Amino acid sequence: MLKVVAEHAGAFYQHYPRVAAIVTASSGGRKNAMAVAWHSSISFKPPVYGISIAPKRYTYQLISESKQFGINFVPYEKAEMIAAVGGSSGNMIDKFSEFNIAEDKSIKTEVPILRDAYAAYECKVIDNKVFGDHAWIIGEIIAVHVAEGVFRANGMLDLSQVHPALYLGGETYCSTDVSYVKFLDREKYGKK
Ligand SMILES: Cc1cc2nc3c(=O)[nH]c(=O)nc-3n(C[C@H](O)[C@H](O)[C@H](O)COP(=O)(O)O)c2cc1C
């Protein structure tokens with residue numbers, strides 16, 4: 001492909017779409033939820049997950065105090081919830097009552113688990129490092145919540161049951177479906 005080359009990244013949306021998720025936190029009786037597109041698994045053993053949160057966010061304050069966070073994966077059909085918690089600050093409002101967000105109980109932490117999530121992790125913070133205008137907060141996953149019937153026996157999301165919420169940038173959401181699934185055995189395709 002012919003490419004245009006530049007030295008300045010700008011807003012660098014080229015690596016999107018990304019799964020849009022909702023980070024939850026609580027501290028001292030206050031709780032909050034915010035949208036995140038920058039997050040990743042980091043290690044299987046132990047299970048470790050990272051989230052990139054700007055230190056100016058209210059959520060950052062709660063996570064810094066409690067050393068815990070939750071990450072919740074809601075389907076494309078709940079993209080309005082992602083936009084709502086990503087477009088408002090918990091400094092000003094209680095997003096749970098304002099946006100009618102229902103919770104399930106966490107088991108190892110105090111973080112809210114979203115009822116609409118098809119999967120959620122409870123994490124204990126093990127590291128926090130600031131890079132530029134965001135902090136890479138790393139958590140060990142100490143509890144996993146998974147909706148029944150939406151993952152296959154091999155652990156893969158069943159796209160006939162759930163449409164993941166993907167974020168394209170520019171306030172635009174999309175998803176995918178079973179017609180875009182193909183199985184490519186790495187043993188076979190990796191052979192020289
Ligand atoms: C789809 C989407 C993805 C976002 N991803 C991130 C992210 O990865 N990191 C971040 O710091 N802010 C991200 N934001 C912005 C925060 O969600 C937003 O600033 C939010 O209002 C912060 O809430 P708080 O002040 O209550 O913590 C995202 C917003 C949207 C809508």
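## How to read the model

Residues are numbered from 1 along each chain as its sequence is written, and side-chain values use heavy atoms, with hydrogens and water left out. Because the model is predicted, local features need pLDDT of at least 70 and side-chain atom pairs count only at pLDDT 80 or more, while totals for chains, interfaces and linings use all residues.

## Around the ligand

Let's start with the ligand. It is surrounded by 21 residues, and the closest are Asn32, Ser52, Thr59, Ser88 and Gly90. (A residue is near a molecule if one of its heavy atoms lies within 4 Å of it.) By class, this shell holds 11 nonpolar, 8 polar and 2 charged residues. Here Ala, Val, Leu, Ile, Met, Phe, Trp, Tyr, Cys and Pro count as nonpolar, Asp, Glu, Lys and Arg as charged, and the others, Gly among them, as polar.

Which elements supply the shell? Strand 3 (30-36), strand 5 (48-53) and helix 1 (58-66) each supply at least two residues, and strand 3 gives the most, with 4 residues. (Helices, H or I with at least four residues, and strands, E with at least two, are DSSP runs numbered from the N terminus.)

## Polar contacts and cover

Now look for polar contacts, which are pairs of N or O atoms within 3.5 Å. A polar backbone atom of alanine 35 is 2.9 Å from an oxygen atom of the ligand, and a polar backbone atom of alanine 54 is also 2.9 Å from a ligand oxygen atom. Histidine 134 uses its side chain: a polar atom there lies 3.4 Å from an oxygen atom of the ligand. Taken alone, the ligand exposes 660 Å², and the protein buries 88% of that; accessible areas come from the Shrake-Rupley method with a 1.4 Å probe.

(Two strands pair if DSSP finds at least two bridges between them.) Serine 27 stands opposite arginine 30 in strand 3. The two strands form a hairpin with 2 residues between them, and glycine 28 in the turn has a positive phi of about 55°.

Elsewhere, 3 strands form an open antiparallel sheet in the order 1-11-12. Strand 1 (18-19) and strand 12 (172-174) stand at the edges with a single partner strand each, so one side of each is left without a neighbour in the sheet. Strand 1 is joined to strand 11 (residues 166-169) by 2 bridges, and valine 19 stands opposite leucine 166 in strand 11.

Where are the cis peptide bonds described here? One runs from tyrosine 16 to proline 17, with omega near 5°; proline 17 lies in the segment before strand 1. Another joins lysine 45 and proline 46, with omega about 0°, and proline 46 is found in the loop between strand 4 (39-43) and strand 5.

Finally, asparagine 100 has a phi near 55°, a positive value in a residue other than glycine. Asparagine 100 lies in the loop between helix 3 (95-98) and strand 7 (103-104).

Terms used. Polar contact = N/O pair within 3.5 Å; in protein donor to acceptor, adjacent residues only side chain to side chain.
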